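Please examine the sequence and the structure shown below. The paragraphs that follow lead through a selection of its features, one after another.

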Amino acid sequence: MKTSPRSQSINVLFLPAVKENEIQEVVFQKRAKNKTNDLTSIEISAKEAQTVISLGGGVESLIKSLPSVNSNAELSSQYMVRGGNYDENLIYINDIELYRPFLVRNSLQEGMSIINPDMVSTINFSAGGFEPRYGDKMSSALNIYYRQPEKFELSGEASLIGGRLSTGFASKDKKFSGIISGRYRNTNLVLNTLNEDTDFNPRYFDLQSYLNYQFNDKWSLSFLGYFAKNDYEMYPKKKEVDFGSLLQPLKLTVFYNGQEDDQYKNMMGTVSVNFKPSKKWQFTLDNFAYQNREREYYSIASGYILEAFDEDGNPVAGYDAGGQIDHARNDLLVRVVGSQFRTKFSPDINTDIEIGAKFEREMIKDFTNEWQFVDSIGYSNPRDFVLPGQLDISDLNLNYHIAGQNNIRPTRISAYAQFSKKFYWGNNRVFVNGGARIQNWSFNKETLFSPRAQIAVKPNWDMDMLFKLAGGVYYQAPFYKEIKDLTGAFNSDITAQKSYQVILSNDYEFQIKDRKFKLTSEAYYKKMENLIPYYLDNVRVRYSGKNNSEGYAYGVDARLFGQFVPGIDSWVSASYARVYENIEGMGYIPRPTDQRFKFSMFYQDYMPKFPSMRVNLTLTYASGLPSGTPVLFDSNGLPDYLAAYRYQKTLPAYKRVDIGLTKVFIDQKDNKASGTFWRNFKELTLGVQIFNAFNINNTIANQWISDVNSSPHVYYPVPVRLTGRFFNVSVNFKL
């Protein structure tokens with residue numbers, strides 16, 4: 001994260017007044033084109049987002065290194081923030097809200113991040129307590145602004161797992177400019193590091209464009225387009241998993257037959273008209289359309305045996321043997337079209353008034369037919385326990401069956417207003433930002449009102465310190481996932497989940513050996529109501545379909561940012577957090593996203609005698625998440641909402657180190673090109689990347705195997721492991 005004194009840190013500059021009636025300027029942040037008034041926001045360097053070592057995408061990988069952000073899946077660009085789940089995070093590109101694929105349940109399927117690091121100019125991230133102009137979700141807001149090239153450029157990357165090619169251009173008069181980028185990725189080689197015999201064929205492709213035309217000093221027009229196609233094919237053959245303990249080692253052996261074939265297509269187009277009649281006024285009209293077409297098809301039969309072993313590794317008992325059939329034919333089509341109007345009035349240099357309104361027309365077509373049959377030693381599960389020797393007359397039951405055919409076309413209207421002001425309080429500098437937003441959704445006929453406020457005080461001390469307080473009422477406005485219950489039907493009685501948030505933070509800037517450092521510490525508390533209990537199925541969130549829970553979350557974060565090595569930014573982060581819920585008054589238990597402790601580091605270095613040799617390291621340690629059973633149903637086929645109280649298991653801690661080694665052949669500093677051909681290059685680098693350098697097979701979830709011979713049934717948590725060590729080679733260039 002590259003930081004200047006007036007960007008990431010919130011410094012104050014006073015310009016002396018020449019006349020008594022002049023307004024004294026109080027500058028907390030650099031007044032850049034895409035500046036934000038959000039005091040909870042952190043600005044992330046776009047350059048470091050390009051260089052960070054990552055399997056899933058540069059921007060999210062840097063975000064995951066922040067103290068308040070958790071993720072235990074290196075193949076996924078999704079993340080959890082302060083006890084929230086994957087669905088509770090807002091993502092914007094050029095102030096347009098984006099949607100992720102909905103049916104993805106396995107991090108292996110996800111592909112690339114929607115954010116293309118080659119196109120990014122500004123990254124702002126808030127882990128909570130964000131300002132009113134951001135939408136109704138409970139955890140975080142990520143706002144990305146794409147850049148406008150000033151001349152022709154061509155850059156690209158080629159590696160063992162894919163590549164990208166980007167081109168930018170600008171007319172001579174600089175009125176017309178644009179950037180177009182395409183990416184391709186195939187993670188087959190990475191997935192082969194899994195401890196199983198499976199044929200993978202994942203193919204991910206996307207194309208993005210950002211075009212701008214400046215008519216004159218007042219009017220401009222821009223277009224943002226995005227198309228992505230992810231194809232995921234899997235042919236499982238055999239898997240062996242060793243787990244258990246030293247006193248009771250267990251082994252699961254599974255043989256498969258069948259395949260999985262999933263497709264995800266995302267498209268988005270936005271046309272924005274900008275009008276700036278004066279320095280005080282700015283108007284923007286965005287017209288956008290989004291379509292998400294998803295298909296999840298699989299039919300996989302498996303036969304398994306669960307065995308126990310003695311200390312010499314010899315089998316001593318067979319706990320269970322049986323088979324399982326997993327089947328799904330799920331289709332989803334989501335379309336969202338709408339317009340949003342935003343205006344900003346700045347009567348003076350220290351004051352901003354912002355107002356916005358948005359209208360959306362949504363269409364959701366959902367067809368779900370998903371079931372699982374479990375056979376254990378000749379008996380289907382679930383079933384009533386029958387003593388040996390007695391006749392079993394119970395029905396042949398599916399373990400679960402989720403089926404539904406839904407088609408809705410609701411409208412969503414939202415608006416916000418906020419006021420920002422910088423001023424003096426004695427000799428202290430103060431910034432306030434407050435307002436509210438309102439939203440109405442025609443599907444459940446619910447209106448949400450969300451007041452939010454922020455205040456920062458910079459005391460007139462010798463120490464460079466800044467104190468901030470933010471809070472408000474934050475909702476999780478329901479959409480496709482929240483309204484779909486465990487039977488497959490849409491529930492129009494679902495209401496928005498609600499949280500009251502308060503965040504207290506401190507920024508302390510200091511210098512060591514003429515190098516700048518910044519220590520940020522935060523404490524937060526969330527009180528949550530109308531919660532919808534959910535299950536984590538790998539990276540898919542399955543909601544129960546009822547507002548029958550309440551909860552709370554609290555934690556402390558700390559991050560030390562600065563130049564550990566002269567001229568290069570690095571940081572270390574640590575956090576402690578807890579999140580609990582109480583389902584139907586049964587008592588408080590940890591939520592599935594209760595990741596207690598996390599330590600992470602992003603470190604960059606170079607060889608003093610050979611500065612063209614560079615290294616960056618990403619390190620993560622995070623305590624294990626709670627892993628209850630997946631969705632369970634009773635013998636009548638009804639969902640068991642309270643299974644989380646009966647089955648609790650904590651996953652092992654997530655530990656991972658990724659290392660990137662780079663040799664710079666050409667840049668615009670100390671390694672300038674020579675020769676007719678090489679002078680065409682502005683940059684040329686060769687990189688060697690070591691993913692999961694210590695070959696730690698982390699666990700993302702548990703697969704629960706039941707033993708029907710016991711009463712009640714015993715479920716054994718079998719770990720689902722992630723990828724092993726992988727070496728990648730990449731070449732990057734820029735013309």
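Across the whole structure, which is a predicted model, a search finds 39 salt bridges. One of them joins the side chains of Glu131 and Arg133, with a distance of 2.7 Å from N to O. Glu131 and Arg133 are both buried. They also belong to a network of salt bridges that links Asp95, Glu131, Arg133, Asp286 and Arg342.

Another salt bridge is formed by Asp507 and Lys518, whose closest N and O atoms are 3.6 Å apart. Asp507 is buried, as is Lys518. A further salt bridge brings together the side chains of Arg591 and Glu581, at 3.3 Å from N to O. Here too distant parts of the chain are linked, 10 residues apart: Arg591 is in the loop between strand 31 (588–590) and strand 32 (597–606), while Glu581 is in strand 30 (residues 568–583). Both Arg591 and Glu581 are buried.

Tyr525 is placed in strand 26 (residues 515–531). Is Tyr525 buried, partly exposed or exposed? Its relative accessibility is 37%, and therefore Tyr525 counts as partly exposed, since this class lies between the limits of 20% and 50%.

Aromatic rings provide the next topic. The structure holds 32 aromatic pairs. Ring pairs join Tyr99, Phe102, Tyr290, Phe479, Tyr480 and Phe490 into a cluster. Rings also meet charged side chains: Arg329 lies over the face of Tyr297, at 5.3 Å from the ring centre, and Arg412 lies over the face of Trp441, at 4.4 Å from the ring centre.

Five strands form an open sheet in the order 3-8-9-6-7, with mixed pairing. Strand 3 (41–44) and strand 7 (96–97) stand at its edges; each has a single partner strand, so one side of each is left without a neighbour in the sheet. Strand 3 runs antiparallel to strand 8 (residues 120–126), and 4 bridges join the two. Within this pairing, Ser41 stands opposite Ser126 in strand 8.

Note on methods. Residues are numbered from 1 along each chain as its sequence is written. This is a predicted model: local features need pLDDT of at least 70, side-chain atom pairs count only at pLDDT 80 or more; totals for chains, interfaces and linings use all residues. Side-chain values use heavy atoms; hydrogens and water are left out. Buried means under 20% relative accessible area, exposed over 50%, partly exposed in between (1.4 Å probe, protein chains only). Rings of Phe, Tyr and Trp (its six-membered ring) pair if their centres lie within 6.5 Å; planes under 30 degrees apart count as stacked, over 60 as edge-to-face and the rest as tilted. A charge sits over a ring if NZ of Lys or CZ of Arg is within 6 Å of the ring centre and within 35 degrees of the ring normal. Two strands pair if DSSP finds at least two bridges between them. A salt bridge is a side-chain nitrogen of Lys or Arg within 4 Å of a carboxyl oxygen of Asp or Glu.
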